[in-house]
Amino acid sequence: MNRRNSHTTHHSHPTFFTAALLLSLTGSGIYLTICLALGLFYSYFSEKMIESVNLFSMNGTSPAYFLTLSMFAAVSLWGIIMLWKNRKKGYFVYLAAQTGILLLPSLTMGPNALSSLNMIFTALFAIIYLILYRRLN
């Protein structure tokens, strides 16, 4: 038996789904890193944002806000990894996390904080993953 192959689990997905999963892994990973940094170093970043953008750019945010977003991003990442491993539960974990990412800004900063672009991409990937979900055993 080839030792290399005995420890490797191969999850074959169509190229389209592999690309979507890799894009989501990358996006969620970057988002997690940014939100975690903003939450942990909030005073530094809020000062820089106010200096460079405007006085109201950080209204409605706090370290807890960004740490909560990073938690949702981590859960989203977990859901994507479960989908990669052919676990159906990953779809629902991903949807729950993305719903939190979509709603938290509106709940803390008002309805104008709802991102149309984020909604479009979330819906697009949710549909792609729904198709993958139906194909999983």
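In this presentation, a residue is called buried when its relative accessible area is under 20%, exposed when that area is over 50%, and partly exposed in between, using a 1.4 Å probe and protein chains only. By that definition, 34% of the 137 residues of the protein count as buried.

A word on the source. This is a predicted model, in which local features need pLDDT of at least 70 and side-chain atom pairs count only at pLDDT 80 or more, while totals for chains, interfaces and linings use all residues. Residues are numbered from 1 along each chain as its sequence is written, and side-chain values use heavy atoms, with hydrogens and water left out.

The protein has six helices and zero strands; helices (H or I, at least four residues) and strands (E, at least two) are DSSP runs, numbered from the N terminus. Contact means heavy atoms within 4.5 Å. Among contacts between residues at least 6 apart in sequence, 72% join residues at least 24 apart.

I now turn to helix α5. Just after α5, Gly-110 takes a positive phi of about 100 degrees.

How do we describe such packing? Two packed helices are described by the angle between their axes and the distance between the axes. The axes of α5 and α6 come within 11 Å and cross at roughly 175 degrees. That makes α5 roughly antiparallel to α6, since angles over 145 degrees count as roughly antiparallel. Axes here are lines fitted to C-alpha atoms over the stretch in contact, and angles run from 0 to 180 degrees between N-to-C directions. By class, this contact has 12 nonpolar, three polar and no charged residues. Ala, Val, Leu, Ile, Met, Phe, Trp, Tyr, Cys and Pro count as nonpolar, Asp, Glu, Lys and Arg as charged, and the others, Gly among them, as polar.

Finally, is Thr-122 buried or exposed? Thr-122, in helix α6, counts as buried because its relative accessibility is 9%. Leaving aside neighbours within four places in sequence, Thr-122 is in contact with Gln-98 and Leu-102.

Note on methods. Parallel < 35°, antiparallel > 145°, perpendicular 65-115°, else oblique.
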